[in-house]
Amino acid sequence: MSLPTVLADIAACRACAGELPHTPRPVVMVTPRTKLLIVGQAPGRRVHESGMPFTDPSGERLRSWMGIDADTFYGRPEIGVAAMAFCFPGTNPKGGDYPPPPRCAQLWRPRLMEALPAMELTLLVGGYAQAWALGDRARENMTRTVRAWRDYLPHYLPMPHPSWRNTGWLKRNPWFEDEVTPYLRQRVQAILES
């Protein structure tokens with residue numbers, strides 16, 4: 001199935017209507033030339049409102065890790081974003097957002113991935129994306145999976161979420177920005193220059 005058809009079907013999806021606290025608004029950013037795919041948890045409230053992925057402080061940190069600016073992030077067809085769920089799942093009264101509904105990945109991820117033939121690297125941002133992509137190869141938690149990042153190359157790069165909520169994690173795990181970020185920047189530049 002062609003990518004335009006898959007994207008049109010995703011845009012029209014209302015599988016979670018009635019379960020979400022708002023009208024579904026799938027947010028996906030891919031092209032037939034996508035070589036680097038960023039797979040996070042689900043859009044947050046700001047992304048739901050803007051309709052564009054990573055239009056929030058998390059996006060600023062992610063772009064910094066990647067070594068690119070917003071114009072490159074949004075303007076280069078080699079860079080794509082497709083979270084585990086395409087719609088904002090709502091805010092948990094206990095803090096943070098609700099997890100991505102599994103139904104979205106089950107419905108769309110196989111079709112979408114099949115329609116992206118140029119893929120070279122997938123950034124697995126957070127535990128949900130890591131569990132989906134790595135299956136039994138994922139370690140017992142996100143930290144250990146990210147720590148073993150070299151084991152998943154060249155196709156996957158597990159990462160923490162760039163949320164401000166993970167600032168403490170980054171301080172406790174300085175190896176991420178010392179080891180993983182330079183590798184990520186090198187791969188991003190190679191993909192954009194190829």
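First, the ground rules. Residues are numbered from 1 along each chain as its sequence is written, and side-chain values use heavy atoms, with hydrogens and water left out. Because the model is predicted, local features need pLDDT of at least 70 and side-chain atom pairs count only at pLDDT 80 or more, while totals for chains, interfaces and linings use all residues.

I start with the cores. A nonpolar core here is a set of buried Ala, Val, Leu, Ile, Met, Phe, Trp, Tyr and Cys residues joined through side-chain atoms within 4.5 Å. Buried means under 20% relative accessible area, exposed over 50%, and partly exposed in between, with a 1.4 Å probe and protein chains only. The largest core has 28 residues, and Ile38, Met66, Phe73, Leu123, Leu157 and Phe176 have the most contacts inside it. At least two residues each come from β1 (36-39), α3 (57-66), β2 (79-81), β3 (121-125), β4 (156-159), α8 (167-172) and α9 (175-193). Helices (H or I, at least four residues) and strands (E, at least two) are DSSP runs, numbered from the N terminus. The largest share, eight residues, is from α9. A second, separate core has 22 residues, among them Ile10, Phe86, Ala129 and Leu134.

Next, helix α1, residues 3-12. Which of its residues are buried? They are Leu3, Val6 and Ile10. Seen down the axis of α1, these fall within an arc of 65 degrees, so they line one face of the helix; the arc is that of the directions from the helix axis to the C-beta atoms. Pro4 and Ala12, on the other side of α1, are exposed.

Now the open space. On a 1 Å grid over the protein atoms alone, a pocket is an open set of points with protein on both sides within 12 Å along at least five of seven lines, a cavity is a set where a 1.4 Å probe fits but cannot get out, and lining residues have an atom within 4 Å of a point. Grid points are joined across faces, edges and corners, and a volume is the space filled by probe spheres set on the points. The largest pocket holds about 850 Å³. Its lining has 31 residues, with Gly44, Ser58, Asp97, His161 and Ser163 nearest the centre. Helix α2 (45-50) gives the most to this lining, three residues.

Finally, there is one cavity of 30 Å³ or more. The largest cavity holds about 120 Å³. Of its 15 lining residues, Cys13, Ala15, Cys16, Cys87 and Cys104 lie nearest its centre.
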